[in-house]
Amino acid sequence: MNRRRGLDFGGREGGGRSRTWSAALPSRKACRRHEHDRRDAEPYSFARQVNDQIALAKAFVVIAKESKNLQFAWDLSAQIRNSQLLLSTAAASRRPLTVLDSEPTIRDMAVLLFQAQQLHYDSATMIMRLKATIQSFEAQMSSVTEKSAKYAQIAAEEVPKSLYCLGVRLTTEWFQNSELQGKLVERSHAVASKLTDNSLYHFCVFSDNIVATSVVVNSTALNSKAPEKVVFHLVTNEINYAVMKSWFAMNMDNLRGVTVEVQKFEDFKWLNASYVPVLKQLQDSDTQSYYFSGHNDGGRTPIKFRNPKYLSMLNHLRFYIPEVFPALKKMVFLDDDVVVHKDLSALFSIDLNRNVNGAVETCMETFPPRNVTGIYHYWQEKNVDRTLWKLGTLPPGLLTFYGLTEALEPSWHVLGLGYANVDARVIDKGAVLHFNGNLKPWLKIGMEKYKPLWEKYVDYSHPFMQQCNFIDIFKSLYYIF
């Protein structure tokens, strides 16, 4: 005998037996036992029954509204609320639904569902209408998703007013303060020998973002076991050259003995269109139209693929490290959206087995004898029409260093802080924390829970930072999210 039976107001009892099965039992004792079984049935079957009715009723509400039967849609909605109230009351009291609790509500809903069938809201009609509704919602969702992606990309590419303000103030200070210029020149002469000393720890950053770059340098200095042996080679563009020099000239005494060199790539005479594919592509009218015309090509190409920053030499200069620093045998490259979380000196003693690259995306150790730049040029020439890849330096990087890379421990580099949720234990063990993705920590759209990892290396006490409202801006972020 199957005793697992629950009430089904569709005409059958749980367990697949018909009502006539129990009604056929001849004895009064059997009838009493049936009633006891029914009352003692699996309690959660009633909750499932109510939830199933609610789901079906919601579908009928949509169809009723489309059929202009607003009164019936209102009746269904009211009964849906009653059924939801029944479930919430049972959940709040922490007791399962009983047949006495649920039978009136289930019966009232069953009456309305029967009326829906009488109104020819049959399954076939319901499926057709629901499909049409779903297609309409999908079209709306696709449109909203596309707009959201565009707005997010625009927000990610935005230069914050505070950052622009800081650049202007630092540039003005540099050209008006001859003492500051003299201080940097004097310092440069004192550390000149360190710039090519292969016994030291050399890092390079290619960036036009002074705040991001300062965080990379500060975090490395503060977490280094031997900061006096750390040398940073910063390369920027003409516009931000004075900005970088001004900042590090003013703050060099706060870097625990770290040496900082600032250059601009426009001074590299070998960096010209006859040698560099990216600069050659900039002279092509199709490339200029693709990145700078503002035409959206009918939405065929996502907006992120048309970002002119991917043509910036600061984005591609990592492939020219042997040319930029010919006297150095080993160099660690750091993106400007990273935070150095631990001492990195051990990187310089890792045996790469004559490979030119360690498999840490933010770090690159180069050996000039290998023609890495030539391989990179080959693939850039092959991709002149953007058919192999659309954007960025990761695709050509994977091709260039294929077969020339030594695997390093994953803890050297933790990815995803600019777009994903990262395990706190992984972050704690990470040596380099990478805010790759659109949600950079210096933007309003940055991931709030990871901002403190970056912000603790920002010098908010600097007068120019305060004058440009960096403190107020970052405090306001806590109220945005």
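This is a predicted model: local features need pLDDT of at least 70, side-chain atom pairs count only at pLDDT 80 or more; totals for chains, interfaces and linings use all residues.
Numbering runs from 1 along each chain as its sequence is written, and side-chain values use heavy atoms, with hydrogens and water left out.

So, the overall picture. The chain has 20 helices and nine strands; those are DSSP runs, H or I of at least four residues for helices and E of at least two for strands, numbered from the N terminus. Of the 481 residues, 46% are buried, and here buried is under 20% relative accessible area, exposed is over 50%, and partly exposed is in between, with a 1.4 Å probe and protein chains only. Take contacts, meaning heavy atoms within 4.5 Å: among those between residues at least 6 apart in sequence, 71% join residues at least 24 apart.

Now, salt bridges. I'm counting a side-chain nitrogen of Lys or Arg within 4 Å of a carboxyl oxygen of Asp or Glu, and the structure has seven. One of them pairs lysine 183 with aspartate 253 at 3.8 Å, N to O. Lysine 183 sits in helix 8 and aspartate 253 in the loop between helix 10 and strand 3, so this pair ties together parts 70 residues apart in sequence. Aspartate 253 is exposed at 64% relative accessibility, while lysine 183 is partly exposed at 31%.

Then there's glutamate 238 with lysine 264, at 4.0 Å, N to O. That pair links helix 10 to strand 3, 26 residues apart. Lysine 264 also bridges to aspartate 267, with the closest N and O atoms 3.0 Å apart. Put together, Glu238, Lys264 and Asp267 form one network through shared partners. And how accessible are they? Lysine 264 is buried, at 10%, whereas glutamate 238 is partly exposed at 45% and aspartate 267 is partly exposed at 40%.

Last stop: aspartate 336, in the loop between strand 4 (332–333) and strand 5 (338–340). What aspartate 336 does have is a 2.7 Å side-chain polar contact with serine 207. Leaving out residues up to four places away in sequence, aspartate 336 touches several others, including Val205, Asn209 and Trp442.

A polar contact, by the way, is a pair of N or O atoms within 3.5 Å; within protein, one must be able to donate a hydrogen and the other to accept it, and residues adjacent in sequence count only if both atoms are side-chain atoms.
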